[in-house]
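Open the model in your viewer and keep the selection tool at hand. Each stop below says what to select and what to look for.

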Amino acid sequence: MSTPRFPNPSAPISTNVPLRVLLLENIHASAEQLLAAEGFVVERVAGALKPEELKERLRGVHLLGIRSKTTVPESALEHAENLLSIGAFCIGTNQIELTAANTHGIPCFNAPFSNTRSVAEMVIAEVIVLTRQLFDRSREVHTGQWRKVATGSHEVRGKTLGIIGYGHIGSQLGIIAEALGMRVLYYDVMTKLPLGNSRSVPTLAELLAQADFITLHVPATPSTNMMMGAKELAQMKKGAFLINASRGSVVDIPALAQALQSKHLGGAAVDVYPQEPETNSDGFVTELQGLPNVVLTPHIGGSTEEAQEAIGREVATSLIKFVRSGATTSAVNFPQVEVPLIPGTHRILNVHRNIPGVLRDINRIVSDLNANIHAQMLSTDSNIGYLVMDLDQDVSAPVCDAIAALNTDIKTRIVS
Ligand code: NAI
């Protein structure tokens, strides 16, 4: 692991000025509305910025909002002296150098769960589409064929939905499926409270043996890598359907193609793939193309206008809470602290290098000014400590200046 690089101590950041926000990549207007309502000055840019341009545009900016196409390297953070926080208005945060942001005292927020409903609804649609072979019938009529058949077409009422991964998406999906009269079983490595009449099963094999539809809602981890391979597909009921809108690493695509060609499975819906094109203009090839009753979508499970709006609200709210109170809960690269504001106290936020003696130095500064610490909450990771401190006396400015002058200081500000 490379040694973390820390910025030189600098003056406290003043938030006693209208805060400047830079929103890139057409972030949903819901974000701008919330940020502007706080009195922040919001500047919008339609596209992504290249790192050099980003570096220039970040001067004087307090909050940066990006989506997936703007990379934020350490070089862009080094000169962003006023930058308090970054909002990734999307799910992934790989585009940000998260460790560098951490050592520069910049928490990064994303919106991992704002699009869960969109995924659940798409999967429900696919359950019905697959069991009625709707896409194949539709394609036939588009090409002038009239195949009015009932054989092999079924209602979903009374059928069993097997959910692998009963988290945010899986559990919502179970509720909607029950409303359609489905029986819901799930398998999860964690103990999860069943919602409605859904029931957990102890092993994946049991789920595969019982379900008419298997749908995957697990994260990409070593334990889920290729968890649906030839062996597991063979354990599914004959004629059952597989749906994957989780991650491309979870299903062995050649084995799935084989299970479909041999007619062991009745169909599949796949939204995510081991390798996905970077842009909409790149071509795409998969072994699943052209197979009957196979629905292929381009990773759109969470892509709805409602999800974009919810993402805008969720990330903007995290940024506002961080500005107003220092709350870092749900930050992806930062020690987690959330302390309610106490009326009549004066809050200072400090990020420092995580080395022995920092708290002692800070407490000495406070006591030398005859101030009393009303509340103090410190959370650390291997690089940094994040301190939220409420003082009874309004000596925040001299305390803040003195803390910022410590050579362990990374970022200090008064909550105003
Ligand atoms: P979550 O974190 O709320 O739930 C995941 C669940 O999977 C947890 O309950 C966890 O205990 C369980 N799990 C982990 N490893 C497991 C294993 N080996 N076997 C069984 N269960 C296991 O995640 P959420 O929000 O429900 O998302 C699920 C997946 O959906 C993620 O991979 C996410 O990337 C993907 N997703 C896809 C979208 C799309 O556009 N297609 C949009 C949003 C999310």
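**Stop 1: the domains**

This is a predicted model. Colour the chain by its three parts: domain 1 (1-115 + 305-334), domain 2 (116-296) and domain 3 (336-416). Domain 1 is written as two stretches of the chain, 1-115 and 305-334. Now keep domain 1 and domain 3 in view; their C-alpha centres lie 23 Å apart. In the contact, domain 1 takes part with 33 residues and domain 3 with 25 residues.

**Stop 2: the interface**

How much area do domain 1 and domain 3 bury between them? The figure is about 2300 Å², with 47% of it on carbon and sulfur atoms.

On the side of domain 1 that touches domain 3, the elements giving two or more residues are α4 (98-103) and α11 (305-325). Of these, α11 gives the most, with five residues.

**Stop 3: the salt bridge**

Between domain 1 and domain 3 the count is one salt bridge. Select Glu-338 and Lys-321 and show their side chains, which meet in a salt bridge at 2.8 Å, N to O.

**Stop 4: Thr-103**

Select Thr-103, which is placed in helix α4. Is Thr-103 buried or exposed? Thr-103 counts as buried because its relative accessibility is 2%, and the cut-off for buried is under 20%.

Show what surrounds this residue. Leaving aside residues up to four places away in sequence, Thr-103 touches Pro-4, Arg-5, Phe-6, Pro-7, Asn-383, Ile-384 and Ile-410. Within α4, look also at Ala-100: the backbone oxygen of Ala-100 is 3.1 Å from a polar atom of the Thr-103 side chain.

**Stop 5: the cysteines**

Finally, select the cysteines. How many disulfides does the structure hold? The number is zero. Take Cys-108 as a case: the closest cysteine sulfur, in Cys-90, is 11 Å from the sulfur of Cys-108, so the two are too far apart for a bond. A disulfide would need the sulfur atoms within 2.5 Å.

Cys-108 counts as buried because its relative accessibility is 0%. Select Cys-400 as well: at 2% relative accessibility, Cys-400 also counts as buried.

Notes: Residues are numbered from 1 along each chain as its sequence is written. This is a predicted model: local features need pLDDT of at least 70, side-chain atom pairs count only at pLDDT 80 or more; totals for chains, interfaces and linings use all residues. Side-chain values use heavy atoms; hydrogens and water are left out. Buried means under 20% relative accessible area, exposed over 50%, partly exposed in between (1.4 Å probe, protein chains only). Domain bounds come from an automatic or database domain assignment. Contact means heavy atoms within 4.5 Å. Buried area is the accessible area (1.4 Å probe) that two parts lose on being put together, summed over both. A salt bridge is a side-chain nitrogen of Lys or Arg within 4 Å of a carboxyl oxygen of Asp or Glu. Helices (H or I, at least four residues) and strands (E, at least two) are DSSP runs, numbered from the N terminus. A polar contact is a pair of N or O atoms within 3.5 Å; within protein, one must be able to donate a hydrogen and the other to accept it, and residues adjacent in sequence count only if both atoms are side-chain atoms.
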